[in-house]
Each structure stands twice: as C-alpha cells, then as structure tokens.
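Subject: Handing over the structure, with notes on what was found

Dear colleague,

I am passing the structure below on to you, and I would be grateful if you could look it over before reading the notes that follow.

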Amino acid sequence: MTMKFVRTFIAVALVSIAFLGCKEAEVTEGYLRLNTAANWDGTPLVIGDVYTDVMNRPILVEQFRTYISNVSVMDSEGVEHPLKGVEQLNFNAPWSFDFWLPAGNYTQLKFAIGVPASLNTDVDPASYPNDNPLSIFGAEGMFWTWASGYIFTKFEGKTAFDGDATSMTNSYAFHVGTDQFYQEHIFAIDFEIGEEREDLTIEFDADKFLFNADDTIDLAEDNLTHTMDNMPLAMRFMELYNSAIRVKK
Amino acid sequence: MGRYRLFCAFLLALSCKSDLVIEPPTTMDLEPYILNLPPGFPEPFIPADNALTIARVELGKLLFHDTRFSRDNTISCASCHLQSAGFADNEPISTGVEGILGFRNATSLANVAYQTALFMDGGVPSLEVQVLAPLDDKTEMDKSIIVLAEELKADVTLNAKSLRAYGREMDPYVITRAIAAFERTLISGNSPYDQFLNGDASALSPQQQSGMNIFFSAEANCSACHSGQDLSDRTFRNIGLYVNYEDKGRERVTANPEDNGKFKVPTLRNIAVTAPYMHDGSLHSLEEVINHFADGGMNHPLQDPLVTELNLTAEQKADLLAFLESLTDRAFLENPAFAP
C-alpha cells in the first residue's frame, strides 16, 4: 500500500515537472535581425568600386552614408514596438542589429531617413558620448559645422563627364539635410517572431539615386548640393533616394 | 535565454565596475570667474554645462593661442582674431593652412558672449558649437577635432588642466567648452564713448560729439541698425554693397532667396582697428565705409530701405569718422588677461 502510494506520488510528480517544464519552454519572445544593404543594379554596392550610370558614365562611389531613426515594428494587434532611436548607416560596413520582441505576428516596419527635428535644432555634437551616432565620433563628418545641423544622407564620389572610365576627375556630392528632408517610411510586411530568427533587410538601390521613371540626374549638369546652396537639386535627389528604398524578408 | 541574459548582466556589471576602476582621479577647480562687466552691461547667457570658472577660462586662453589646432601647426584661433585688432584681423580675407585664403573677413570677438547667432550668416547657435567650424574648414585650420583631442590629451600639462577645469580628459567636449569660456570673457565697454555715456563729458572731443549727434540723428540714422550696447541690433541686412553678391550671405544657411546678400550687422566696438571692412574686406577704410552709406548703396533688389543716399558734407563725414574712432577701447586691446 505504502509502496504503491510512493510510486503513484513519484509518477504524478514527474508528470507535473514535465508539464511545468513544457510550459516554461513555450516561446514567448524571439528576435528580429534587421539588416541593411545597398545595391547597384541588383548586385551588392561596394564602396570604392566603379559602376555605370543610366547615361553610360562611370560612377566611382566613395561614400554612401545615411541617418536612420525612429525604427519600429507593429504587431498584428496594432501595438508599436520601438527598436532604435537614431543610427548612422555607413555602407563601408553594412549595419545589422538584433532586437528582442514578443512572439507573434507582425505587420509593419517603420523608420525615417534623417535626424528628428528635436535632435537637429541647436545641436552640439560634442555634448554626446562618443558611442552616440550624433556625437563628433559617431557623426564622422555627417554634421555641418557652419550651419549647425546633421547631414541626413551623403552620397559622393567621382565620375567622368566624357564617359572615359580611365580618367574620372569630375566629382559629384549630394549632402542633404535640414528638417524638411526628414522622411518617414512605412512598409507593410508580414513576419512572425517566434522560435526561429526573423530577418528583414532595408535595401537601398543606389543606381536609382540618380534616375527613375520620373527624373534623371545628369551628373554633367547637376553634381553638387550641400542642400542650402542648391535646394532644387537636393529636392530632386531626395525624391529619387526615398523612392529607392525597400524592405524585404 | 535566461542564462544568456544573466551572463550579459554579469558582463555589464563587470564592465561598469571596470569603468569605475579606470576612471582617472579628478579634482575639479570650481572657483568661479567673475566677469568684469562695464556699467549697464547685463550678465550674458552662460550655458549650464559651461559655467565660467578661472580654470576653464585659463585653459580656454591656452587653447585659443595653440597652433596645434591647424593641420600644419601654423594657425591658432588668435591668428585671425588678434587682440590688437579687436580680436578680428586686418586682412580682407584671413589666411588658413598652407596660405590658403578663407571665405570671409574675420569678425571681431568683442562682446561675442552676447551673440546668439554666430558668423556673419548666423548659422551657428552657440560659441561651443562655433569652435568646430574653423577646425573643420579646409581653408582655415583643416584639423580633425578628434585628432586634435588625442594630441592635446598626450600633452600631460594640458591634460591635467583639462581634468582640473572639467573633470575629464581632453576631448572635443572640453576643447569646445574651454574656448567658448575664454571667448565669453572678451568684454569690451570702456571706450571714450562709454566713458562719455558714464558721465565723463571730456571723454569725447567736440568733433567726436558732433559725429555722435550725426550718428544718432534721424537724417543719417546709422543707429537704426547700429544700436544698443554693441552698436549692433544683430539683424541680417543687405546693405547694397553689390548688385550681384558672389557670397549669398544668410541665404547660404536659410536657402531663402529673400536672404540673398544679407549679413549680420557688425558691432562697431573697436571698429577703427579692424580694417578692412565688409564681409569680403572690400572696403579698405572707414572713410570708404562712410562714403558707401552716404552714396546710398548699389541698389540691390533686396537692399535694406534704410540704406539711402545721405547728404553729408565732408565735415560731417569727418565728424562721423572721429566718432567711430572714439569706440576704440584701449584697455580691451591691451588687457594682459587676454594675451598668451
């Protein structure tokens, strides 16, 4: 009788432990890896490489950097989950980051190109700690010292107006900032956070920075803007640039 | 997952502890620096994180005169802001590293503590942030502040002063704040004109008094823009120097075509020692400046309506010139507290 009771007790205890163990193992959160990538005509963009633009000119890309901010995802219940405040993407070394999120279904990725106005007014990069992307160390030149504001996007390099790739002596530089160019992007995209890591990639099609169906920037004519000194070109460039951003799983 | 988090927390705790261990010992000297303000001068705005202390001002003065601020170790802040020239210089356009010409005429730093929009186009909001601009400019110092900070940190004496002034080793934060602290002490308010205003009737000659009356008269109306403590209302105006401005002026920072050719009204303090004049140093003397305004400018479409032809006699012009010369504050130009 006593032995039977002991056996029964042990069996019940084991089942309970196993049950509890299973409950603990239930997935309640998982992680999202957010990648960034830049491409030129479908192939990965390599800073320092030479490409060909739509006007058949050689394009040496020396710098492509951009600020991205207020990154968040939205779950299927409509709850927004902030992921990142401000980050600078330097395509010398594409950026990726893992974020822990509650398990479940998600429907949206949201972010903005640029630095929010609240951080772009009366700015003092020296006041940030070095590991902040808005600090002097973090900004790495993405800051106008003569006009106090961050450069949201910098795309620059060399080209040859005459098409001769052996002699690329003509410069191009698109340095765009100021609050009016802060641009929010919202992408409807379904993904699930659970046991397996989920990957999303923000892609920048660099070849489309200079042309699309609506506009083409002829570098022989329009090749330099620091925004305030050439606002029309800054507006054209950012129109193209914002159209060249997409998100894929 | 729980173990992973625990491990991360452990690492974090270790790193925090490590930070505490390697933090250099600091003894900040917080003895306040008392600004010697002339009668009637208000207290200037001082940022909360850069209260004036003797240690900070002394450090800022050293940095202001330090040629390591330029790529080729030839240019310091003082190279283009000479005390003898009212902390401006006497070149049309200042020369930067390797003899490269800069962009504009150097401005006076007298009473710069009271300014809220720095540079002739007003693009920078504080003295601290302003420090970054000449360093960054390829035609001025052309030196990375990150590289500079490392060089200055390696200077044991200077780094000790940094710890004493700000409780931290030399870095961009200290560099920008120390120089701003020193610049806030460059107060000028003891010219013969000031002495006259403060009750010394003999401080101005009869000719200077006559010039003062013309200056403030409704006819000449110089004081419509050159008003207040610094004889500047700090607005941005197109004075019709050109019909077409090569330098866009304030439009450069606002992108507003209505700001084309507009520059900040400069202080007239110590104006007699800061020749040449205008944003590009194109007017060589105060006589030329007076003639420009007397002639009514070049009729730029955005020319300020206050700039109109004046019917000034030669004698009146000479009186005006004498008055402008009375704005020179010799004690300021020779104050040893500002010298290296």
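This is a predicted model: local features need pLDDT of at least 70, side-chain atom pairs count only at pLDDT 80 or more; totals for chains, interfaces and linings use all residues.

I begin with a pair inside chain A, where R33(A) and D98(A) form a salt bridge whose closest N and O atoms are 2.8 Å apart.

Salt bridges within the chains

Over all chains the structure holds 33 salt bridges, and a few others deserve a description here. In chain B, D247(B) forms a salt bridge with R104(B), the closest N and O atoms being 2.7 Å apart. D247(B) lies in the loop between β1 (236-237) and α11 of chain B, while R104(B) lies in the loop between α3 (77-80) and α4 of chain B, so the pair ties together parts that are 143 residues apart in sequence. Both D247(B) and R104(B) are buried.

Also in chain B, the side chains of R168(B) and D171(B) meet in a salt bridge with an N to O distance of 2.7 Å. Here R168(B) is partly exposed, with a relative accessible area of 32%, whereas D171(B) is buried, with a relative accessible area of 16%; D171(B) is classed as buried because its value falls under the 20% limit. Back in chain A, a network of salt bridges links E203(A), D205(A), R246(A) and K248(A).

The contact between the chains

Turning to the place where chain B and chain A meet, the contact takes 23 residues from chain B and 18 residues from chain A. Between them the two chains bury about 1800 Å², and 64% of that area is on carbon and sulfur atoms. Across this interface the rule finds one salt bridge, in which R177(B) is paired with D124(A), the closest N and O atoms being 2.2 Å apart. The rule also finds two residue pairs in polar contact across the interface, both at pLDDT 80 or more.

On the side of chain B that touches chain A, the elements that give two or more residues are α4 (127-130), α5 (132-136), α6 (145-154), α8 (172-183) and α11 (251-254) of chain B. Sorted by class, that side of chain B has 13 nonpolar, three polar and seven charged residues.

A helix and a loop

In chain A, helix α3 (residues 231-243) has 13 residues and reaches 18 Å from its first C-alpha to its last, which is close to the 18 Å expected at 1.5 Å a residue. The buried residues in α3(A) include M231(A), L233(A), A234(A), F237(A), M238(A), L240(A), Y241(A) and N242(A).

Finally, in chain B, P301(B) has its place in the loop between α12 (286-295) and α13 (314-325). P301(B) is exposed, with a relative accessible area of 71%, and its C-alpha atom is separated by 10.0 Å from that of G261(B), a residue 40 positions away along the chain.

Note on methods: Residues are numbered from 1 along each chain as its sequence is written. Chains are lettered from A and ligands numbered from 1 in the order in which they are written. Side-chain values use heavy atoms; hydrogens and water are left out. Contact means heavy atoms within 4.5 Å. Buried area is the accessible area (1.4 Å probe) that two parts lose on being put together, summed over both. A salt bridge is a side-chain nitrogen of Lys or Arg within 4 Å of a carboxyl oxygen of Asp or Glu. A polar contact is a pair of N or O atoms within 3.5 Å; within protein, one must be able to donate a hydrogen and the other to accept it, and residues adjacent in sequence count only if both atoms are side-chain atoms. Helices (H or I, at least four residues) and strands (E, at least two) are DSSP runs, numbered from the N terminus. Ala, Val, Leu, Ile, Met, Phe, Trp, Tyr, Cys and Pro count as nonpolar, Asp, Glu, Lys and Arg as charged, and the others, Gly among them, as polar. Buried means under 20% relative accessible area, exposed over 50%, partly exposed in between (1.4 Å probe, protein chains only). The expected span of a helix is 1.5 Å times one less than its number of residues.
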